[in-house]
Every structure is written in structure tokens, then in C-alpha cells.
Amino acid sequence: RDYNPNVSEGLASVVMRALSYDPQERYASADAMKQSLESVGPDAGAMVAATASAGAQSVSRQAPPAPSLAPEPSVPVAETGESSGDVQPIWAFQVEDAVRSTPLVHGGIVYIGSYDNNLWALDAQDGSLIWKFATEGGIGSSPAYSGGIVFIGSSDKHLYAIDARTGRRKWVYKAGGSIYTTPAPAVGLVFFGADDGNLYAIKPSGASAREMWTFNIMSPIRSSPQVADDFVYFGTDTGEFFCMDVSGELKWRFETRRRVITTPVVYEGMVYFGSDDWYVYALDISQGYPNWKFRTRGPVVSSPALGENNMLYFGSADGIVYAVDAVGGKEKWKYEIGKAVTSSPCVHGEAVYIGATDGTLYSLHAKSGDLLWRFQSGGPIISSPRVDGDVVFVGSDDRHVYALQA
């Protein structure tokens, strides 16, 4: 950056890790570095595409590569984030690697995964450690809660069921690929997708879980399933979006032009999701017909969130946060950040909270899009914020979990 100040901090951290003197700190593979490059924004994605094309026999006919969840991010340790204006962290807890998991807050405890292989349980009030549970791989999955159990997937290909109070393992289920989706416990089952191309439906039973059915689409599933009214909705790396009933029968499918890794939202007969083809789609849940689609200027990795007055919020790799009318798809406002937005928004009261790869957590007015406040962390924020009470929790690639006054 001394020679080119236009290079982002995220891109600089990836390059410096690749050039690390200690071989143990370098990327384990070219693919791991590629996905980390893609995660920091379109400029880096273009760099990856240019590098790949030099040795490739063919070039994709579609849009530039999108930001991605890197399987092994391991970024350099950064200083704790600093506030902008009067915003000060209530607390900050340091873990051992990047935090891209979305926090789960339940019963005064914050549960969050990290690429240091651990699921962390922190006291929501002061950030003190309650327990941590170690897996054998980095955790990009976000935790889910049901009946005193926290469910979490890992890149070690296992889904874990952890006692929410003690941190002890109740059972573990082995899938055929790494798990980056958020498990969806519903109707007595747990649904999740994996990189082996399967959507799994498993049934917990005491100290074990058994497979009820799987549905294979021959391509990784990074879109977390959403269950509503006995139907399961999810996207795939093929660009297809599926609706199935909870017994495993396909109801309908819809094709986009690129990968779908966003988590869908179901509301009043419609399902909303974003795609790497730069569009956000609104489909009728009965037949899968498109009601409208909204075009951004970059891949949409940020999952949409619904607010009051039928407002739908989401970010894009084009560096913009959008608010559109959920009924007709008309733009209401947009806020330009200038760096890729791969974090998903959280709506609370009159504010929308969302992170960006510039390392900032933004609080925007839900009706106008005006900036209320922002907080600068020490690394890209891929993690999606969550609000409990009047506190917003979020992770950062700077290896910290933050709690801030909402």
C-alpha cells in the first residue's frame, strides 16, 4: 500500500499472508487464496479472474467472480476496532482467527463460530468466556438453537449438537462435505446443506441423529435452508433455487444465471433471495414464478432482511446497501459504501445494521438510509450483525467479537 494507496486493506492482508516468511502461515492451497481474494471485493475478484485466465482453456461468459466465504481465511492479527463519533464498544473479545459466523444470542449468551475451529459461548453482558467447543475445521457456519441445543456445522464435514448450557457435545453427524450453511431445526428435523451437493434432513434422537433423507444437486450448497409452512427453500452453486416439502419431495425449481449462496426470506406468499448474477429475486412460493427482480451492479452475497412497511434490505458487491419495496421491487433508497458488502443486514427498530469489507459496521436509518453511526474494526466484516435488546453483536476478520450499543 506504500506504493499503491488504492489497494484495500483486505487485499493487502491476503497478499501479505501469501508472502509470509513462515510457511505455516501461508495459504494451504491456491484455491484457498483464490477464495480469500474473492471475499475482499470485485477488484480482487477481477485479479483472480485475470490470473486464472492465463492458464485456462476457456473463459466464463458470465459476470465477474463474486465474493465468497473462504474456507481457510486465517488473517493477520489486527488491532481492536476503533469507534467513529460517540460509538464505543461495550466489550470486545479476541478469538484466534477470523470471525465470519453470524452470532446467535439466547438466554444472555452469545454463540459464535470462528475459523480457529471453535464455537465460542460468551456472556452477552460483559463478553467473558463461558465455554468453547473445538471442532477439527474452521467454522464459517452460523449457530442455530432449539430445545437447549446449539447446532453448528464445520469445514471438518460434521454437524455438531452442543448443550447450550455446558458446551458438551450431545451428538455429531458426519456429512460428505464441508458445512458452511446455518442449520435449520424445524418439524423435529435439522436441515442443512453441504459442499458434497446434498441437502440433509436428519432426526435427532437422544445421543445420536439419523438421516431421514438427502437431496443431491451435484454442486456445493452454501445457501442456508429456510423452512416455512412445511416447505424448505434454498439455493445452490449451480444457480438453481429449490422448493421442497419437508419429506424430501421436490415442489419446484427456479434457475438464475449464477451461484446462489444467500439465505432466503419467506414472507406473505413470496420468497426473496439474491444471486451472483447481480439480481435479487422475488418468487411466488406456490409455483416459483418470478414476481419481480431487482438488478444491482455486482454479485449479491448479502442475504435480504425484511423490515416494517414491506421494506426489503440487502447489500451487494457493488459497494451499495439497498432498500426496495418488497411488493413491487421499486428502489426506496441506497447508501453507497464503496467497498463490497457481503454481510447481511439486521433490522432493529428504526435502524438497519450491516457490515462491509472496509471493516466498518454501519447503522443506517431504516426509512431514509441516512447514516446514524459507524464503527471501524480492524479487518473486513463478513459476519452479519444481530441485535438483542439494545446491543448489536458482530464478528470481524480482525479476530474479535464486538458488542456495541444499538
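Phe215 is buried, and Phe242 is buried as well, where buried stands for under 20% relative accessible area, exposed for over 50% and partly exposed for what lies in between, with a 1.4 Å probe and protein chains only. Before I go on, please keep in mind that this is a predicted model, in which local features need pLDDT of at least 70 and side-chain atom pairs count only at pLDDT 80 or more, while totals for chains, interfaces and linings use all residues. Residues are numbered from 1 along each chain as its sequence is written, and side-chain values use heavy atoms, with hydrogens and water left out.

Let me turn to the aromatic pairs. A search of the whole structure gives 25 aromatic pairs; rings of Phe, Tyr and Trp, the last by its six-membered ring, pair if their centres lie within 6.5 Å, and planes under 30 degrees apart are called stacked, over 60 edge-to-face and the rest tilted. One of them is edge-to-face and joins Phe133 to Tyr160, at 5.4 Å centre to centre with 65° between the planes. Phe133 belongs to strand S6 (residues 129-134) and Tyr160 to strand S9 (residues 158-163), so this pair ties together parts that are 27 residues apart in sequence; strands here are DSSP runs of E, at least two residues long, numbered from the N terminus. Both Phe133 and Tyr160 are buried. Phe215 and Phe242 also form an edge-to-face pair, with 5.5 Å between the centres and 70° between the planes, and that pair links distant parts of the chain, Phe215 in strand S14 (residues 208-216) and Phe242 in strand S17 (residues 240-245).

Now to the sheet that contains S17. Its 4 strands form an open, antiparallel sheet in the order S15-S16-S17-S18, where two strands pair if DSSP finds at least two bridges between them. The edge strands, each pairing on one side only, are S15 (226-228) and S18 (250-255). Between S15 and strand S16 (residues 231-235), which run antiparallel, there are 3 bridges, and Ala228 has Phe231 in S16 as its bridge partner.

What lies over the face of Phe231? That is Lys251, at 4.3 Å from the ring centre; a charge counts as over a ring if NZ of Lys or CZ of Arg is within 6 Å of the ring centre and within 35 degrees of the ring normal. Lys293 likewise lies over the face of Tyr279, at 4.5 Å from the ring centre, and Tyr279 is itself part of a cluster linked by ring pairs, together with Tyr233, Phe241, Trp252, Phe254, Phe273 and Tyr281.
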